[in-house]
2 protein chains.
Amino acid sequence: MAQKPSTPKGTRDFSPVEMARRNYIFDTIREAFRLFGFRQIETPAMENLSTLMGKYGEEGDKLLFKILNSGDYLKGVDRALIDNNDTVRLATKLCDRGLRYDLTVPFARFVVQHREEIQLPFKRFQIQPVWRADRPQKGRYREFYQCDADVVGSDSLLNEIELLQLEDLVFSRLGIRVAIKLNNRKILAGIAELIGEPDKLIDITVAIDKIDKIGLEKVNEELAERGLSAEAIERLSPILAISGTNAERIQALETLLADSETGRKGVEELRTVVEGAEALGLKAQLDIDVSLARGLNYYTGTIIEVKALDAEIGSISGGGRYDNLTGVFGLQGISGVGISFGADRIYDVLAALDLFPSDSASATRVLFANFGDAEACRSLAIIKQLRGAGISAEIYPDNAKMKKQIGYANALGVPYFAIIGETELAEGTVTVKRMSDGSQSTVKAEELPQILKLD
Amino acid sequence: MAQKPSTPKGTRDFSPVEMARRNYIFDTIREAFRLFGFRQIETPAMENLSTLMGKYGEEGDKLLFKILNSGDYLKGVDRALIDNNDTVRLATKLCDRGLRYDLTVPFARFVVQHREEIQLPFKRFQIQPVWRADRPQKGRYREFYQCDADVVGSDSLLNEIELLQLEDLVFSRLGIRVAIKLNNRKILAGIAELIGEPDKLIDITVAIDKIDKIGLEKVNEELAERGLSAEAIERLSPILAISGTNAERIQALETLLADSETGRKGVEELRTVVEGAEALGLKAQLDIDVSLARGLNYYTGTIIEVKALDAEIGSISGGGRYDNLTGVFGLQGISGVGISFGADRIYDVLAALDLFPSDSASATRVLFANFGDAEACRSLAIIKQLRGAGISAEIYPDNAKMKKQIGYANALGVPYFAIIGETELAEGTVTVKRMSDGSQSTVKAEELPQILKLD
């Protein structure tokens, strides 16, 4: 094969340095999930297409990666589908399975399939890749990881307060300054009611969601295009203009939405969550944002979105409360609330702000030089002891020129280079060179762990 | 949907308890890989079909999961392929990508694609799932994890010695008693030469590989069926009968293979590896096994296979040296040696021998009871401090009956149950109940971390 092989479009390899950085993110998130009592599950990469289809809208169905059936996959396929080039329906005949598109639908399927074994409330976390046949572009991939934590089977708003604490812990540990934006879907419904357009809830939220980007005037233009009356638009303006502290915003919303039962309920929920979170204290900035909509069809209560304060990028985490997670699979009455972390965007933020820990590049603490069989034999014995003490160590496998061996240690960012040459072998010592400043000393083998554990 | 949803055939969900156990295995292997200086990479789940096809034989091509192209996938497809039901060739027109079948071919592709960035020797490890459209059966799945460590770009036998140490470390840490079987492909080639059947190397090894299962007599019958002369079979017998210590076996092989240059080279390599490994010491039993063949077409030097001594199961790890890993992608001269751990079989062995650590079931150290808003608010503040001290803690989210809350703690195996009721709230204390024996004490909140860190 002459052509250099490559990964499929929209997918990526991860080098050791990238893996160390990605693991830093995953480890931080995983550790936080565990501290909060979330329990890990995993689901298969492939799901039955019947599980996935129809869950992400018509566009989502097209973006599912479908897996060709094995064996005689043409058997029983209606040739008219082929002759008519009906590729959409034909695909569901050729393929029984697809790759998961997110972690939420497989989780819903999991809860229904294993409902007898699951103890409610069920706090689960899941960190796995998902696949979407989107057009690849900067920052958008066909394979990417999602990191989800959800509580199902509990309506308590304590869960929301806990999830805000969890967001706060993750981003403060990563050193990313964030604003957590908060809203409630019932407030949005109340607003639609209030301005006399309850049926236009989606149009309204889609439009006002853009207020940060395009400003109030353009939002109002769009609302008019979407068929809102001038009166309704006028009644909306004071709501979008709400400002001040969170307490002041809640106060203003309470007054404005006094006539909507749903709206009042939303404000009450928002108040409980905000007051609960603020009582515990947050390092993050917590902002009530009435224009926050975020996947409206899905959420039914609290809506959460997290933005980095020091990087120009979309949301890096988000979530909310939903009713009826599993209804589509025939199990009614299971509600929940959850959040998701976008590992790829978090990676970009950490890289842009130079926040990755510097020691995340090299796995090996010390590389031993190779001066030949006898020296290597002695080195391996010492290396074995170092590993037993939890210190990662290796020997350069070939008896190559010393320049090459040191170059290797340098290229890999190994902090210490150890030498057992003829003299050291005779005297039972090791010469250790610190790569950062070139300083070196000759010590007894027993002293080595002590030295290598420094700085 | 009335039908209960399920995972596709041959795939599995992993519950929190299973995940804790699987993570125990992956963490142990990963930690050992790191101590030996292997550096992690990941490759995408999907590869171009051109990367995968033809690498696993004709049967392997059929077992690849292929991904239907997006959009108008029928465009340009020769209808004759459809009319003739030529599903094999048609599949390569409908699909440009497939799911990875192992970690070795993607690794070879990685090395070629990134050869400018890679420092040789390159010690990489990779722990990721692979997919095969095999007929599912007990212990055989369509999605399973491989854990591979390879060194490429070094011919030194120190690598083999290190890999044996690595096998030893992993299994001793897991508490599994194993036998590591060792052979060398050059010895097998020497044997075929010696008995005058150098062209029948594959037939010979396929047959003698079964000697443990079917015995010498049946092996000889099979060899005759495969066209070996009676004389050749007779000359083979003393080789298969070699016994004694490793030193004695090496001595016997040296004598028997004295006339084969390849054979002598194989014995010399085997001696270096065995003596090197034994000088460092192994907890595992190390057995030279001349009948060990293991994927002969692939390996060119050392062959390694690991079996559990206390469980009836196939090999749980294995590997060997190969020449020309990347030749198929146009990059010549990159040889390497590697091993792979079978996580699913290791899981079965640990389960059968009851070797999983007992604390791997629960994530949460302490569950706080929920007695209502004021008590919950105080509990959350204490929980926040516990988490800051690295102790996983959670509150039961709903103010449910105490029996239900304790039942939840029991079901999840949470070791401590903490109560802040009216009295505790007034006195600034917490009542802690140890679930294992029901003992309880009331303490100041500050004393809690101390208590929870016990046993």
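Reader: Leaving aside neighbours within four places in sequence, which residues is Arg12(A) in contact with?
Author: This is a predicted model, so everything here is read off computed coordinates. Arg12(A) is found in the segment before α1 (16-35) of chain A. Once neighbours within four places in sequence are set aside, its contacts take in residues of chain A and of chain B. On chain A they are Arg22(A), Tyr141(A), Glu143(A), Phe144(A) and Asp344(A), and on chain B they are Glu42(B), Thr43(B) and Pro44(B).

Reader: Does Arg12(A) count as buried or exposed?
Author: The cut-off for buried is under 20% relative accessible area. Arg12(A) comes in at 17% relative accessibility, so the label is buried.

Reader: How far apart are the closest N and O atoms in the salt bridge of Glu162(A) with Arg387(B)?
Author: Between chain A and chain B there are six salt bridges, and 47 residue pairs in polar contact, both residues being at pLDDT 80 or more. Glu162(A) and Arg387(B) form a salt bridge, and their closest N and O atoms are separated by 2.6 Å.

Reader: What about rings: how is the pair of Phe33(A) and Phe38(A) classed?
Author: A search of the whole structure turns up 22 aromatic pairs over all chains. For Phe33(A) and Phe38(A), the distance is 6.2 Å centre to centre, with 55° between the planes. Planes under 30 degrees apart would count as stacked and over 60 as edge-to-face, so this pair falls into the remaining class. That makes it tilted.

Reader: And how many residues apart are Phe171(A) and Phe341(A)?
Author: Their ring centres are 5.6 Å apart with planes at 45°, so this pair is tilted. Phe171(A) belongs to helix α7 (residues 158-174) and Phe341(A) to strand β11 (residues 336-342), both of chain A. The pair links distant parts of the chain, 170 residues apart.

Reader: Over which rings do the charged ends of Arg22(B) and Arg124(B) sit?
Author: The charged end of Arg22(B) is 3.7 Å from the centre of its ring, that of Phe14(B). For Arg124(B) the distance to the ring centre is 3.9 Å, and the ring is that of Phe107(B).

Reader: Last one: which side chain is in polar contact with the side chain of Ser439(A)?
Author: Ser439(A) is in the loop between β15 (429-434) and β16 (440-444) of chain A, and it counts as partly exposed at 34% relative accessibility. Not counting residues up to four places away in sequence, Ser439(A) touches Val432(A), Lys433(A) and Arg434(A). Its side chain makes a polar contact, at 2.9 Å, with the side chain of Asp437(A).

Methods. Residues are numbered from 1 along each chain as its sequence is written. Chains are lettered from A and ligands numbered from 1 in the order in which they are written. This is a predicted model: local features need pLDDT of at least 70, side-chain atom pairs count only at pLDDT 80 or more; totals for chains, interfaces and linings use all residues. Side-chain values use heavy atoms; hydrogens and water are left out. Rings of Phe, Tyr and Trp (its six-membered ring) pair if their centres lie within 6.5 Å; planes under 30 degrees apart count as stacked, over 60 as edge-to-face and the rest as tilted. Helices (H or I, at least four residues) and strands (E, at least two) are DSSP runs, numbered from the N terminus. A charge sits over a ring if NZ of Lys or CZ of Arg is within 6 Å of the ring centre and within 35 degrees of the ring normal. A salt bridge is a side-chain nitrogen of Lys or Arg within 4 Å of a carboxyl oxygen of Asp or Glu. A polar contact is a pair of N or O atoms within 3.5 Å; within protein, one must be able to donate a hydrogen and the other to accept it, and residues adjacent in sequence count only if both atoms are side-chain atoms. Buried means under 20% relative accessible area, exposed over 50%, partly exposed in between (1.4 Å probe, protein chains only). Contact means heavy atoms within 4.5 Å.
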